[in-house]
Amino acid sequence: MPEGPEIHRVADRLAAAVLGKPLVRVEFAFPALKPYERKLRRRAIESISARGKALLTAFDNGWTMYSHNQLYGVWKVAPAGERPVTTRSLRVALETADTAILLYSASDVEMWRSDAIESHPFLAKLGPDVLDPRLDAAAVAERLRLLAFRHRALGGLLLDQGFLAGLGNYLRAEILFAARLLPTARPCDLTTAQLRTLTKACLAIPRLSYATRGVEPKPHMHGGYQAHEGRMFHFRVFKREGQPCERCGTPIVKTTSDSRPLFLCPRCQAAS
DNA sequence: CTTTAAACCTGCTGGC
DNA sequence: TGCCAGCAGGTTTAAA
């Protein structure tokens, strides 16, 4: 469940399912986490929240579970005792009297003392979460002016979790399209108007995705996406290679930027 | 300092 | 059917 909007949605779903209820059963597939099966039994989950693409599950005994889905991790909610039919490997099961939350396939799961979680190496490097409602356009504009970021090409900068946490490959493509910029453009070379458009897109696109998305990846990774609850974030360039640009009709092109696939409109996104 | 490439995590596809 | 290379919405590491 890759980018910020999806992880935040998962956090919402998991929290609604199990928050505050005592755990009757806890399972970890990782040998290093086995001791926590006992420590967490009969305890309750205090909060489940997303930080960029990381998920933090805080228990009421001072421990917090850090997990990162990377490309493969999948969280599921299931009735207590039931296990979805899947070939995936179950990594974490947190089960209350009626509901369980289950983490499959993820390989990055750690337990931290809650009071030390901020020093986790991944979290410590994160920029502000793009879905944090306290983050506004002025703050993003200020980051684009920082010495550490202003000379960087946008293709790499938008993927850098230290710039803004939660952006990923599809958001990068959609932000660049909305801002009508190429991945080679750098903040220091942009006009005031371009910077303003880019700033707005950095916030608006992820938030639109979170709000409308409900998108679920199809069961297998290359199966594309499907609407969920009748709604789905609309890709204007991502994975639309060969299809006409919605603005100008020019076929969308697939390229590579920073070793990742990038889709763009060669006409709308011209060199600045 | 930034950028690039490769490695690694896992699951699935497509070709032979 | 079986095997393997390649790819993917990610991150880390090392090298350039």
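Mentor: Start with helix α4 (residues 137-145) and helix α8 (residues 192-212), which pack at an angle of about 120 degrees with their axes 9 Å apart. Helices here are DSSP runs of H or I with at least four residues, strands are runs of E with at least two, and both are numbered from the N terminus. The axes are lines fitted to C-alpha atoms, for helices over the stretch in contact, and angles run from 0 to 180 degrees between N-to-C directions. α4 and α8 are therefore oblique to each other; under 35 degrees would count as roughly parallel, over 145 as roughly antiparallel, 65 to 115 as roughly perpendicular, and the rest is oblique. α4 passes α8 in a right-handed crossing, meaning the near helix is turned clockwise from the far one by less than a right angle, with anticlockwise being left-handed. On the α4 side the contact uses A137, V140, A141 and L144, and on the α8 side L195, L198, T199, C202 and L203; contact means heavy atoms within 4.5 Å. Those residues divide into 8 nonpolar, 1 polar and no charged. Ala, Val, Leu, Ile, Met, Phe, Trp, Tyr, Cys and Pro count as nonpolar, Asp, Glu, Lys and Arg as charged, and the others, Gly among them, as polar.

A quick word on the ground rules: this is a predicted model, where local features need pLDDT of at least 70 and side-chain atom pairs count only at pLDDT 80 or more, while totals for chains, interfaces and linings use all residues. Residues are numbered from 1 along each chain as its sequence is written, chains are lettered from A and ligands numbered from 1 in the order in which they are written, and side-chain values use heavy atoms, with hydrogens and water left out.

Now for the other partner of α8. The axes of helix α7 (residues 169-178) and α8 come within 9 Å and cross at roughly 135 degrees. That makes α7 oblique to α8, and α7 also passes α8 in a right-handed crossing. From α7, Y170, L171, E174, I175 and A178 meet T197, L198, A201, C202, I205, P206 and S209 of α8. This contact divides into 9 nonpolar, 2 polar and 1 charged. Look at L198 and C202 in α8: both are in the contact with α4, and both are in the contact with α7.
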